[in-house]
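The report after it takes up a few places in turn.

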Amino acid sequence: MQFIRSLIFNILLYVGLISIFILATPTLFLPSRYTIYFGRLSAKYIELILRLVLGTKIIFHGIENLKKVNNYFVASAHQSMLETFVLQIPLDGPIFILKKELLNIPLFGWYLRKIGSIAIVRQTTTKENLNFFDKIKETIDKSKRPLLIFPQGTRICLLYTSDATDK
């Protein structure tokens, strides 16, 4: 039964996200607030199918503290694709700091550009990275939106093996 529910969830997740991405295509020619709306819609959709198909409820703690300040940033652990979407529910149209390669994904990358995401080339110093903090400050001052960063970067998996000589 768990396999069936997981399969149904994955089918609904990908079919739903692709549908939302296609429906949102006209927003690429409209102001960014419309693209942000579809990002929040995708987050709400994921929250809904998580609850209905898997019986999982997402709970956010401390949201009331966000209303006390005008400018803030959120640093989140990067566990899966899930948090990149669902953090758009409590955060009002966050500005993502992301690896530059994500901008090359058709539709998804176009939306990331449209909402003002800030790309960085990781593990190297480039001319582009030198004005990174200036870009962040300028974007936040102009948009008054929160900043969302996943400082851990890429999800990692550590594999420990034992040497046959260690006994």
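Lys144 is placed in the loop between helix H7 (132–143) and strand E4 (147–149), and in this predicted model Lys144 has a positive phi of about 60 degrees although it is not a glycine. Most residues other than glycine have a negative phi. Lys144 counts as exposed because its relative accessibility is 56%, and the cut-off for exposed is over 50%. A positive phi is also found at Leu107, a residue other than glycine, where the value is near 65 degrees; Leu107 belongs to the loop between E2 and H5.

**Inside the cores**

Which residues have the most contacts inside the largest nonpolar core? They are Phe9, Leu13 and Ile46, in a core of 18 residues. The elements that give two or more residues to this core are H1, H2 and H4, and H2 provides the largest share, with six residues. A second, separate core has 13 residues, among them Ile36, Leu87, Leu98 and Ala119. In soluble globular proteins, nonpolar side chains tend to be buried together.

Ile46 has its place in helix H2, and it is called buried because its relative accessible area is 2%, where the cut-off for buried is under 20%. Although Ile46 and Leu13 are 33 residues apart in sequence, they are 6.7 Å apart in space, C-alpha to C-alpha. Ser42 also lies in helix H2, and Ser42 is likewise buried, with a relative accessible area of 2%. Phe38 is another residue of helix H2; between Phe38 and Tyr111 there are 9.6 Å in space, C-alpha to C-alpha, while in sequence they are 73 residues apart.

The table lists the contacts of four residues, leaving aside neighbours up to four places away in sequence.

| Residue | Residues in contact |
|---|---|
| Leu13 | Tyr45, Ile46, Ile49 and Met81 |
| Ile46 | Leu13, Leu17, Leu82, Phe85 and Val86 |
| Ser42 | Leu17, Ile20 and Phe85 |
| Phe38 | Ile20, Leu23, Ala24 and Thr27 |

Reading the rows together, one finds Leu17 and Phe85 listed for Ile46 and again for Ser42, while Ile20 is listed for Ser42 and again for Phe38.

**The largest pocket**

Rolling a probe the size of a water molecule over the atoms shows where empty space is left. How much space lies in the largest pocket? The value is about 920 Å³. Its lining is made by 35 residues, and those nearest the centre of the pocket are Thr84, Leu98, Leu102, Phe108 and Leu112. Two or more lining residues come from each of helix H1 (2–23), helix H2 (32–54), helix H4 (81–86), strand E2 (95–99) and helix H5 (108–114). By kind, the lining divides into 24 nonpolar residues, eight polar and three charged. Leu98, one of the residues nearest the centre of this pocket, is also included in the second core.

The mean pLDDT of the chain is 84, and 86% of its residues reach 70 or more. Over residues 156–167, however, the pLDDT is below 50, and this stretch has zero contacts in the model beyond near neighbours in sequence. Where pLDDT is low, the predicted coordinates should not be read in detail.

Methods: Residues numbered from 1 in each chain as written. Predicted model: local features only at pLDDT ≥ 70, side-chain atom pairs only at ≥ 80, totals over all residues. Heavy atoms only, no water. 1 Å grid on protein atoms, 1.4 Å probe; cavity = no way out; pocket = protein on both sides within 12 Å on 5 of 7 lines; lining within 4 Å. Points joined across faces, edges and corners; volume = space filled by probe spheres on them. Helix = DSSP H or I, 4+ residues; strand = E, 2+ residues; numbered from the N terminus. Nonpolar A, V, L, I, M, F, W, Y, C, P; charged D, E, K, R; others polar. Core = buried A, V, L, I, M, F, W, Y, C linked by side-chain atoms within 4.5 Å. Buried < 20%, exposed > 50% of the residue type's maximum accessible area, 1.4 Å probe, protein only. Contact = heavy atoms within 4.5 Å. pLDDT = per-residue confidence, 0-100.
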